[in-house]
Amino acid sequence: MVTPNQAILTTMAAIVLAILALSTLCSIEAQKGGFSVELIHRDSSKSPFYNPLETTSDRVTNALRRSFNRVHRFKTNSVPTTAAESDLTADSGEYLMKISLGTPRFDIVAIADTGSDLIWTQCKPCSQCFKQDAPFFDPSKSSTYRKISCSASQCIDLERTSCSTDHSSFPKTVIGCGTFNGGTFDEKTSGIIGLGGGQVSLISQLRTSVAGKFSYCLLPISQAGNSSKINFGSNAIVSGPGVVSTPLVKKSPDTFYFLTLEAITVGTKRIKFTGSSLGSEEGNIIIDSGTTLTLLPSDFYSEVESAMTSQISAKRIEGPEGLSLCYNAKDEFKIPDVTVHFTNADVKLKPLNTFIRVSDTALCFTFSSLDDVAIYGNLSQMDFLIGYDTQKQTVSFQPTDCSKN
């Protein structure tokens, strides 16, 4: 995990792509009708992170570690004033995208991150780069690489980076081209695809082409070996039976997607949410695809856990660090219904969203607490088609069998 102080990008370039081929696309023009791209879980056999020797327990434990490491970026006392400061976080995401950039096409595998804005990869010539398994992108071999002044808005938006006169940018789709990089990174990926709400994210740059819309349907963790889809434009419209929508709240930093949590109901007990470090009213929780658990402020979490334990008659056991509520997986017990009440949207979770098998013997609650943070994590999002409309400023949820989506 890269902290804001570790993410050093002292020489940054951005490249323009006349064609940004997103996996299944042969032309950027296809965006006008909408398009979809394969979304690969990092534990899938299609992922460069895939380790066939890891057990399900190993993978869950590693995901929990990444989840807690990632949380610091959302804390109010460490949230950067600009997106770039925390975007170089190549070990924190759970989902990957394959894209092609430049002319001729050059493939990279990048982490898809709704908590980041910057689209970024390492480039030649690199005076200081971290090790990566894949070749570096060479802009000198791309006919669609262009330069502009460092005073361009795309560079100004990234205040915490610096730009030399030798490496600059030009807007079609602007991608950061790092040539002097430091920090702690994983060598198995070669970039980041920022899907956040800031001005340099993929969604913002493609706004007119995709009408500010994208959606995804995350497979349950038991099916992580398969791949999901991330949809853009008209392909990303979420409609039909069971759809509920809640307002997106504009707050700083605009990278993150803020929602308003009003309460959580466990079984028959409704528990009012009184707020987090993000505020007590509108925009008091962040929805994030890269955080595994749903994290709640400690006092509120204690009430939710108490409501859960009072309705489960099974033996509690000790689970992995960070998960305080676990049961013997060999016991048969009924999991109470859990409904998350966002403004205008009651999202009823399934047991696969609320409990996860972390070992042969332990089944653990997927909600936890960490200080005063509130994040709606990806385990709570699985088997829902979730659509972001940044023009209408809404997030929609539709219960879906994502294996058929």
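Colleague: Is Lys404 buried or exposed?

Modeller: Lys404 is exposed, with a relative accessible area of 72%. Buried means under 20% relative accessible area, exposed over 50%, and partly exposed in between, with a 1.4 Å probe and protein chains only.

Colleague: Before we go on, what are the ground rules here?

Modeller: This is a predicted model, where local features need pLDDT of at least 70, side-chain atom pairs count only at pLDDT 80 or more, and totals for chains, interfaces and linings use all residues. Residues are numbered from 1 along each chain as its sequence is written, and side-chain values use heavy atoms, with hydrogens and water left out.

Colleague: Back to Lys404. Which residue does Lys404 form a salt bridge with?

Modeller: Asp401, with the closest N and O atoms 4.0 Å apart. A salt bridge here is a side-chain nitrogen of Lys or Arg within 4 Å of a carboxyl oxygen of Asp or Glu. Asp401 counts as partly exposed, at 34% relative accessibility.

Colleague: How many salt bridges does the structure hold?

Modeller: The structure holds 7. One of them joins Glu54 and Arg59, with 3.6 Å between the closest N and O atoms. Glu54 is partly exposed at 21%, and Arg59 is buried at 19%.

Colleague: Which salt bridge links distant parts of the chain?

Modeller: Lys213 with Asp389, at 3.7 Å between the closest N and O atoms. Lys213 sits in strand S8 and Asp389 in strand S24, 176 residues apart. Both Lys213 and Asp389 are buried. Strands (E, at least two residues) and helices (H or I, at least four) are DSSP runs, numbered from the N terminus.

Colleague: New topic. How many residues of strand S18 are buried?

Modeller: 5 of its 5, across residues 338-342. Val338, Val340 and Phe342 point one way, while Thr339 and His341 point the other.

Colleague: Which strands does S18 pair with?

Modeller: S12, residues 261-266, runs antiparallel to S18 and is joined to it by 5 bridges. S19, residues 345-349, also pairs with S18 in the antiparallel sense, over 5 bridges. Two strands pair if DSSP finds at least two bridges between them. On the S19 side, Phe342 partners Ala345.

Colleague: What about the turn between S18 and S19? Which residue takes a positive phi there?

Modeller: Asn344, near 65 degrees. The hairpin has 2 residues between its strands.

Colleague: And the open sheet with S16? What is the strand order?

Modeller: S16-S17-S21-S20, with antiparallel pairing. S16 and S20 are the edge strands, each pairing on one side only. Helix H6, residues 298-309, packs on this sheet and touches S16, S17, S20 and S21. Touching is contact, meaning heavy atoms within 4.5 Å. The direction of H6 makes about 135 degrees with that of S21. Axes are lines fitted to C-alpha atoms, for helices over the stretch in contact, and angles run from 0 to 180 degrees between N-to-C directions.

Colleague: Where is Thr366 found?

Modeller: In the loop between S21 and S22. Thr366 counts as buried, at 1% relative accessibility. Its side chain reaches the backbone oxygen of Asn353 at 2.6 Å. That is a polar contact: a pair of N or O atoms within 3.5 Å, where within protein one must be able to donate a hydrogen and the other to accept it, and residues adjacent in sequence count only if both atoms are side-chain atoms.
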